[in-house]
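Me: Please take a close look at the aromatic rings in this model. How do they pair, and where do charges sit over them?

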Amino acid sequence: MKIVLQRVKEAEVTVGGSSTGKIGRGIMVLVGVTHDDTADDAKYLADKLANLRIFEDDEEKLNHSLLDIKGEVLSVSQFTLYGECRKGRRPNFMAAAKSDIAEPVYEQFNDELRQLGLVVETGTFGAMMDVSLINDGPVTLIVDSSERGKK
């Protein structure tokens, strides 16, 4: 499982011109799921996202987490995070899980964030979405659950 997170001042996702999720200060996260991802991957990444110290303290040091600042999350499913671009000019998405596997893992990720006490807004799984945001910093990170435990 892979996430791309961006610290934002605000963010919104719309589907067919209607807003499905909107947040203020917090994190906009793109979520990709591959074939062998499980609830454990979702839990690991939710905990990582909630506790990463990427928000500034009074001395402008990155010492506060999303939980510390009581920030919000805009979570958007994004199968293209598993796009393979090494060969040719058209990405290959074979590493992205099919929706019957990906959607439950994505929903588990969102549920884990909510269980940590975070406000979580979402897009619509599998839909064509428009995402707008005001990036704060910018601060953008990629976190992959397959890296768990590696030094």
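Reply: There are two aromatic pairs. Rings of Phe, Tyr and Trp (its six-membered ring) pair if their centres lie within 6.5 Å; planes under 30 degrees apart are stacked, over 60 edge-to-face, and the rest tilted.

Take Phe79 and Phe93. Their ring centres are 5.1 Å apart and their planes meet at 70°, so this pair is edge-to-face. Both residues lie in the loop between β6 (72–77) and α3 (99–115), so the pair ties together parts 14 residues apart in sequence. Helices (H or I, at least four residues) and strands (E, at least two) are DSSP runs, numbered from the N terminus. Phe93 is partly exposed, at 32% relative accessible area. Buried means under 20%, exposed over 50%, and partly exposed in between (1.4 Å probe, protein chains only).

This is a predicted model: local features need pLDDT of at least 70, side-chain atom pairs count only at pLDDT 80 or more, and totals for chains, interfaces and linings use all residues. Residues are numbered from 1 along each chain as its sequence is written, and side-chain values use heavy atoms, without hydrogens and water.

Now Tyr106 and Phe125. Their centres are 5.9 Å apart and their planes at 40°, so the pair is tilted. Tyr106 belongs to helix α3, while Phe125 lies in the loop between β7 (119–122) and β8 (130–144), 19 residues apart. Tyr106 is buried, at 2% relative accessibility. Phe125 is partly exposed, at 25%.

Charges come next. The charged end of Lys2 sits over the ring of Tyr82, 4.6 Å from its centre. Arg148 lies over the face of Tyr44, 4.9 Å from the ring centre. The rule asks for NZ of Lys or CZ of Arg within 6 Å of the ring centre and within 35 degrees of the ring normal.
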